[in-house]
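Please look through the structure shown below with this briefing at hand.

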Amino acid sequence: MEVGLNHFLVVSTLLFSMGIYAIVTRKNAILVLMGIELILNSANINFIAFSRFGNFGLQGHLIALFVIVLAAAEAAIALAIVLNIYKTLSTVNIDEIDNLKD
Amino acid sequence: MNKLIIPDLLNSLNSILPEIVLSLTLVAIILSDLIFHKNKKLLPYISLIGLIITFVFLINQFGKSDAAFPVAAQFSFLSLDPFSLFFKVIILVSSILIILFSVSSKEIESGLDRHGEYYGLIFGMIIGMFFMISANDLILIYLSLELLSLSSYILAGFVKTSLRNSEASLKYLIYGAASSGIMLFGISILFGIFGSTNLHEINELIRTPAATQLTFLISVIFIFAGIGFKISIVPFHFWTPDVYEGAPITITAFLSVASKAAGFAVLIRFLKVTFIDSLTGNGYWQLIGYIDWQTLLIIIAIITMTFGNFAALWQDNLKRMLAYSSIAHAGYLMLGVSIFSDQGLIAVLIYFFIYMFMNLGAFYVVMLIANKINSEEIDDYRGIGYSLPLLGTTLGIFLISLTGLPPTAGFIGKLYLFIALVDANMIVPAIIALLNTVVSLYYYVRVLRVMFLIKSDKTVSVNLNPLNFAVLMFMVIPTLLLGVYFSPLVNFAKESVQLLGF
């Protein structure tokens, strides 16, 4: 069996769904951030698979490079913010961080 | 081929001079923070000088309409058109005001050793917004939106020791990163369908019905979710109250005006450039009928304004109340976009220009009072109208203008919006918007009642320095003047509806 575009799309959709599931259900901020990384990577798989099988040249690969750099920046900032939360509140459980409410 | 690209790039550099100046100012801020790390007083001056030079270059672009960074014969990455110029002016004026706010904010003062980061990240936000407004390519839109978001996540938590700052920045980060990730996934599907991320090219391709309709629909809805997060319309608004209440007040004001303006500019460009089929003679946009955008946007706009106004009724914190009121204003603006005509776009531009002065003004007065009494609770404003007559009256003017009562500028904004709605035969949405205005009167006037009609034995005194007074007047005078003499603004808006290619 030849590996084609559909196989890549199934993998990326699975990753996307798992990312959404992690964001919605996880209580730990770090795990939520991992869900966000999964979403970004699923988009990357899409970009590269489309550009490989759709003969769009290297545009998809280039976009994926940009997204990888951006994901790294986002992870760095996110971890700094979570670290700061841990220093002030000694918890990273999102459900317990609810001082701002009606 | 390669030989042709270089002169194009050099020409393109000429048309992004404002963005280049902003980037150089960012570098200057970082360098001066490194070299003169004992003297942080220089930073606001450098920022202001950078913004003023940017403004001069921006004025030079007035009336021009070019494409910068061409990718093929007729497509380009950036479009420098009168429409983007209008929004850039809004962003620059609000940035200048925010820098002036920051100089006298006690919250920002408390992190003096990190002022270099503060002003640097504000410039990061401005550069992101500038590119977002003129971006013609979905990837450029995504990257500049992330530049804006990443800078604002940090700024929302600028006062590291403050509990509510940290919480606001975590909540903003989680909602923001999730929605921009979903937007990127939508872009990737769109790239798969069309093989391009350029809005003009997609517009040419969807004229042939080859596009798979369901996949196309899903990808566009995903992209819409990412933009909707930035302008906080209803299904994507959950972050707004918490972040606006928790963030330092200067950043709250900046998010509620500038980042919302950039979001609206992207939304209008995305809808108009991607989906337009043709312009009819009287300025209505004929959209390509895969999705009934008009019904969708009207429903979202009505839910947004009703939710914002009714949720604001129960708020005791003035910052949180202004957050819900900014959601409601996003609803009014969305209704203006949903007309899909040049007249509706003019109404949106006028409304935004006025909204900038009145919303920033309200936040400024709240900040000056909070500097003194360390609270934004409405109950603590008892008797402020007597002990601080100037601040009380100006806050009153801004709130009345936000309601939309004459003779203030807010009335003119709403008037043009309602005229555009009635001209487009959208009577029911117009009536609902009018009823919403009545609801909003209750919570704005409640603040006035607490300030002027309830006596308090505590007296508060705030010493306004000349700078505070000048900044305050810079916002009060337009709020009052544009209510009676508004033809220059209307003319400016009429000249600014031109998007590149249409």
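A:Glu96 is found in the segment after α3 (59–89) of chain A, where helices (H or I, at least four residues) are DSSP runs numbered from the N terminus. This is a predicted model, in which local features need pLDDT of at least 70 and side-chain atom pairs count only at pLDDT 80 or more, while totals for chains, interfaces and linings use all residues. Residues are numbered from 1 along each chain as its sequence is written, and chains are lettered from A and ligands numbered from 1 in the order in which they are written.

**The segment after α3 of chain A**

- A:Glu96 counts as exposed, with 11 C-beta neighbours inside 10 Å; a residue is exposed if 12 or fewer other C-beta atoms, placed from the backbone, lie within 10 Å of its own, buried if there are 20 or more, and partly exposed in between.
- Although A:Glu96 and A:Lys27 are 69 residues apart in sequence, their C-alpha atoms are 9.1 Å apart in space.
- A:Ser90 also lies in the segment after α3 of chain A, and A:Ser90 is exposed, with 8 other C-beta atoms within 10 Å.
- A:Ser90 has a positive phi of about 50° although it is not a glycine.

**Helix pair in chain A**

- Helix α2 (residues 29–53) of chain A packs against α3(A) at an angle of about 175°, with the axes 8 Å apart; axes are lines fitted to C-alpha atoms, for helices over the stretch in contact, and angles run from 0 to 180 degrees between N-to-C directions.
- That angle makes α2(A) roughly antiparallel to α3(A), a term for angles over 145 degrees.
- Residues of α2(A) that meet α3(A) include A:Leu33, A:Leu40 and A:Phe47, and those of α3(A) include A:Ile63, A:Val67 and A:Ala71, with contact taken as C-beta atoms, placed from the backbone, within 7 Å.
- By class, this contact of α2(A) with α3(A) has 16 nonpolar, five polar and one charged residues; Ala, Val, Leu, Ile, Met, Phe, Trp, Tyr, Cys and Pro count as nonpolar, Asp, Glu, Lys and Arg as charged, and the others, Gly among them, as polar.

**Helices of chain B**

- Helix α10 (residues 213–231) of chain B and helix α12 (residues 249–275) of chain B pack at an angle of about 150°, with their axes 8 Å apart, and they are therefore roughly antiparallel to each other.
- The contact involves B:Ile227, B:Lys230 and B:Ile231 of α10(B), together with residues of α12(B) including B:Phe264, B:Leu267 and B:Phe270.
- Helix α6 (residues 115–134) of chain B reaches 29 Å from its first C-alpha to its last, and 18 of its 20 residues are buried, so α6(B) is largely enclosed by the rest of the structure.

**Where the two chains touch**

- The contact takes 32 residues from chain B and 32 residues from chain A.
- On the side of chain B that touches chain A, the largest share, 19 residues, comes from α8(B).
- By class, that side of chain B has 18 nonpolar, eight polar and six charged residues.

**Backbone details in chain B**

- B:Ser232, in the loop between α10 and α11 of chain B, has a positive phi of about 50° although it is not a glycine, and B:Ser232 counts as buried, with 27 C-beta neighbours inside 10 Å.
- A cis peptide bond, with omega about 5°, joins B:Pro406 and B:Pro407, and B:Pro407 lies in the loop between α17 (389–403) and α18 (409–423) of chain B.
- Most residues other than glycine have a negative phi, and most peptide bonds are trans.

Notes. Helix = DSSP H or I, 4+ residues; strand = E, 2+ residues; numbered from the N terminus. Parallel < 35°, antiparallel > 145°, perpendicular 65-115°, else oblique. Contact = placed C-beta atoms within 7 Å. Expected span 1.5 Å × (residues − 1).
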